[in-house]
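Please keep the sequence and the structure in view while reading.

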Amino acid sequence: MTKCIVPYPENCTGCRSCELICTLHHEKLSNRRKARIRIVKSGVKVDIPVVCSQCTACGDACCLNVCPEEAISLSGEAVIVNEERCTGCGACERSCPFGVIRVFGTAKKCDLCSGDPVCVKFCPYGAIRYEEPKPEQYQKVAEMLEALK
Amino acid sequence: MSSLLHVDLSKGRVRKAPTPPCLISNYLGGNGLAVRLFLESMGPSLDAFHPENILVISPGLFNGILVNTAGKVAFLSKSPLSGTIAESIMGGCIGSELKQAGLDAVVIKGKCSNPSIVSIDNDEVTILDGRSYWGEFSRETTEAVQRDLGDCIVASIGPAGENLVRFASIDCEDRQAGRGGLGAVMGSKNLKAIAVRGDKDIQISQPERLEALDLHWQKIMVNSAAFVEDVKYGTGEFLDWLNKERGVFPTKNWQESVFDDRRQIDPYYWAPKYVSKCKGCVACTKTCGKLFLIQCGPYAGTAVDGVEYETLYSLGGECGNPDIEAVARANELCDQYGMDTISAGVVIGFAMELVQRGILKEQEIGADCRFGDGASVVKMVELIGRRKGMGRLLGEGVQRASEAIGKGSDHYAMHVRGMEPPAYDVRGMRSMALSLMTSPRGADHLRSGAYALDLTGKMWKFSTDRLTNDDKGRMVKELEDFMIVYDSLGVCKFSRKFFWLEAFPDLLDACFGMKVTEANLLLVGERVSNLKQLFNLRSGWTKEAGYLPKRVRKDPIKEGVSEGAVVSDEDMHIMLDDYMRSRDWDEGGVPKKSKLRELGIEDL
């Protein structure tokens with residue numbers, strides 16, 4: 001069964017711990033702007049966890065399709081980047097409708113921590129859950145992001 | 001290499017210098033580093049509104065890194081309210097962002113000729129025209145600055161700071177540097193906001209170890225009883241218990257100590273009804289913040305991060321206000337105008353008592369001002385924020401207001417060193433009574449956090465009887481030093497019953513390869529306590545100016561389980577003498593040379 005990270009913005013406290021633990025885990029340093037998950041905030045009411053999984057859920061991964069080096073592929077449940085092939089051209093970053101694949105030298109994106117996402121482990125509020133895809137939650141996040149534009 | 005940033009608003013000049021490593025080892029960061037930087041650059045005799053007053057913003061040492069609940073940043077200046085050091089610790093993301101911009105602290109002095117903002121975009125620091133933001137509420141200011149500058153974290157003041165309300169606050173992400181009037185210092189400098197963007201890496205000494213420690217502490221916190229309480233009810237969880245079982249909830253400007261009409265302001269009533277989700281400071285998954293929403297009625301549309309315990313007192317019980325919706329609305333307005341809810345509420349309670357006693361008339365005030373009337377509280381907040389009617393005078397704080405009003409109103413002016421007291425009736429809490437007097441910033445609960453000791457009888461390595469003077473000096477001294485460690489590392493003080501000091505040597509080693517012991521950390525706390533005292537003495541601090549409000553010394557508690565409790569002048573002197581001895585200060589509060597030498601600060 002496919003699982004991915006499902007966002008529940010209605011539960012997100014906006015604490016950004018997921019961003020911090022993500023960078024620590026993947027980059028071995030701290031820099032929330034390099035996280036593969038990001039929290040979009042607006043005013044006191046809106047905190048939106050934005051993380052790649054929408055595309056894997058709908059099967060239409062823009063980043064995978066546009067990569068000229070074929071450095072992005074579907075591996076099990078996750079869309080992953082082959083950093084050796086990646087030239088850092090940024091085509092994927094430009095194509096991603098959610099801004100969750102970003103280039104720092106090479107492209108960085110959520111790889112679901114090989115099936116045990118550390119951000120999910122760190123969120124006691126159920127604002128991000130590792131579970132079966134929930135299209136209505138992705139839709140909600142997309143609409144909330146749209147409303148902020 | 002991280003740096004200290006100096007901004008001179010008068011000259012439009014910006015200077016950056018690497019942080020000397022000894023400053024970090026001796027002062028850590030946050031509050032400790034801020035005090036050290038403040039002492040070297042601030043002329044102690046200058047008025048708080050003098051352009052050369054210094055405002056320091058100093059991220060806690062752990063800011064920018066995931067250490068559980070360590071998102072706290074220190075703001076520090078000279079207080080327009082108390083004339084002493086003003087320090088306020090806040091959970092907004094600006095501390096983390098400064099660290100990611102490579103900065104350990106920002107030291108701001110001078111005054112802009114026009115309303116301005118300071119923009120820190122990694123290494124690029126600019127002073128920008130801020131006239132278009134002037135007059136805006138805190139939230140709208142943040143939104144407008146982010147619209148103009150793009151992705152950044154903003155700390156801003158509202159109209160109260162612009163209008164030099166002496167208890168104006170600084171807001172960042174609906175978290176406030178609330179106490180002591182730091183927002184008015186920004187206002188006096190024509191500085192509307194500080195915008196920060198940082199995307200530099202922060203290197204971690206042992207990342208795998210840190211991740212393991214984070215997960216370890218996460219598990220402990222999430223599985224604790226405190227977590228469930230914080231998440232469900234926030235900081236006011238114990239409000240009913242504190243009334244019923246301790247009888248120390250100051251009510252109607254401290255005329256009463258049990259609030260009979262507390263049903264609605266008890267989080268057990270309002271949380272299920274109005275809270276839509278939890279709100280957390282950066283790096284905190286043990287969130288006491290709540291998103292409080294009102295859907296209908298006269299205050300429909302209210303959305304506030306709260307209501308915290310202190311505010312349930314100040315805008316609730318202190319004003320005899322039983323209406324939680326009015327409390328939440330007044331809380332939101334305080335945040336939007338940029339005012340400390342504690343001082344604002346106590347000032348309003350003071351005015352209400354003067355009306356009750358016929359010393360002031362409502363016509364003179366310019367609004368209804370009656371105990372128990374929620375609408376009065378909401379209107380009074382606006383009056384003060386805009387400094388209209390009696391708000392012009394009340395924006396000066398209770399001490400100055402009572403001096404101007406006269407007519408015996410000083411008996412009803414609840415303050416220590418000009419700062420309005422927090423939500424603990426110290427007549428029945430002796431450690432807290434002493435803490436209000438020894439706090440460097442005036443009446444305050446967070447320098448020692450001794451309320452936890454008084455209320456439960458046990459805290460850290462101490463146990464106590466809240467109604468005696470025994471050993472209070474030593475305990476308060478140690479607790480103050482202990483709390484400075486938290487405020488310097490940037491760790492939330494609500495985590496103290498998890499971390500104590502035990503957790504920090506491992507965390508400091510994992511993050512920075514820093515080898516310290518618990519004793520080293522406490523010594524930092526003591527060093528910083530002494531530096532604060534040195535500054536305060538030079539700025540005219542006297543022991544006498546820190547005496548408890550008359551009411552606390554003269555009028556015993558009238559009802560409830562603490563009935564009869566009072567702190568007499570004699571009690572006050574016994575505890576103060578005990579404290580000075582424990583600190584190795586003379587009777588007048590002057591640190592002995594030998595103590596300063598021992599702490600390595602004899603030349604400061």
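In this predicted model, helix H18 (residues 430-438) of chain B packs against helix H25 (residues 569-583) of chain B at an angle of about 70 degrees, and because angles of 65 to 115 degrees count as roughly perpendicular, H18(B) and H25(B) are described as roughly perpendicular to each other. Their axes lie 10 Å apart, and the crossing in which H18(B) passes H25(B) is right-handed. On the side of H18(B), the contact is made by Arg430(B), Ala433(B), Leu434(B), Met437(B) and Thr438(B), while H25(B) contributes Asp571(B), Met572(B), Met575(B), Leu576(B) and Tyr579(B).

A second pair of helices in chain B, H2 (residues 30-41) and H23 (residues 518-538), cross at roughly 35 degrees, with axes that come within 10 Å. Here H2(B) passes H23(B) in a left-handed crossing. The residues of H2(B) that take part include Val35(B), Phe38(B) and Leu39(B), and those of H23(B) include Val528(B), Leu531(B) and Phe535(B).

The table sets out the classes of residue in these two contacts and in the linings of two spaces that are described below.

| Site | Nonpolar | Polar | Charged |
|---|---|---|---|
| Contact of H18(B) with H25(B) | seven residues | one residue | two residues |
| Lining of the largest cavity | twelve residues | five residues | one residue |

Rolling a probe the size of a water molecule over the atoms shows where empty space is left. Searching the whole structure gives nine cavities of 30 Å³ or more, and the largest cavity holds about 130 Å³ of space. This largest cavity is lined by 18 residues, and the closest to its centre are Cys12(A), Thr13(A), Cys15(A), Cys18(A) and Cys123(A). Helix H1 (17-27) and helix H5 (118-122) of chain A each give at least two residues to that lining.

Where does the second largest pocket have its centre, judged by the residues that lie nearest? Those residues are Arg38(A), Ile39(A), Val40(A), Lys41(A) and Asp151(B), out of the 40 residues that line the second largest pocket. Among the elements that supply two or more residues to this lining are strand S3 (37-42) and helix H6 (135-148) of chain A, together with helix H4 (138-149) and strand S9 (153-156) of chain B. The second largest pocket contains about 1,200 Å³ of space.

Methods:
Residues are numbered from 1 along each chain as its sequence is written. Chains are lettered from A and ligands numbered from 1 in the order in which they are written. This is a predicted model: local features need pLDDT of at least 70, side-chain atom pairs count only at pLDDT 80 or more; totals for chains, interfaces and linings use all residues. Side-chain values use heavy atoms; hydrogens and water are left out. Axes are lines fitted to C-alpha atoms, for helices over the stretch in contact, and angles run from 0 to 180 degrees between N-to-C directions. Helices (H or I, at least four residues) and strands (E, at least two) are DSSP runs, numbered from the N terminus. Angles under 35 degrees count as roughly parallel, over 145 as roughly antiparallel, 65 to 115 as roughly perpendicular and the rest as oblique. A crossing is left-handed if the near helix is turned anticlockwise from the far one by less than a right angle, and right-handed if clockwise. Contact means heavy atoms within 4.5 Å. Ala, Val, Leu, Ile, Met, Phe, Trp, Tyr, Cys and Pro count as nonpolar, Asp, Glu, Lys and Arg as charged, and the others, Gly among them, as polar. On a 1 Å grid over the protein atoms alone, a cavity is a set of points where a 1.4 Å probe fits but cannot get out, and a pocket is an open set with protein on both sides within 12 Å along at least five of seven lines; lining residues have an atom within 4 Å of a point. Grid points are joined across faces, edges and corners, and a volume is the space filled by probe spheres set on the points.
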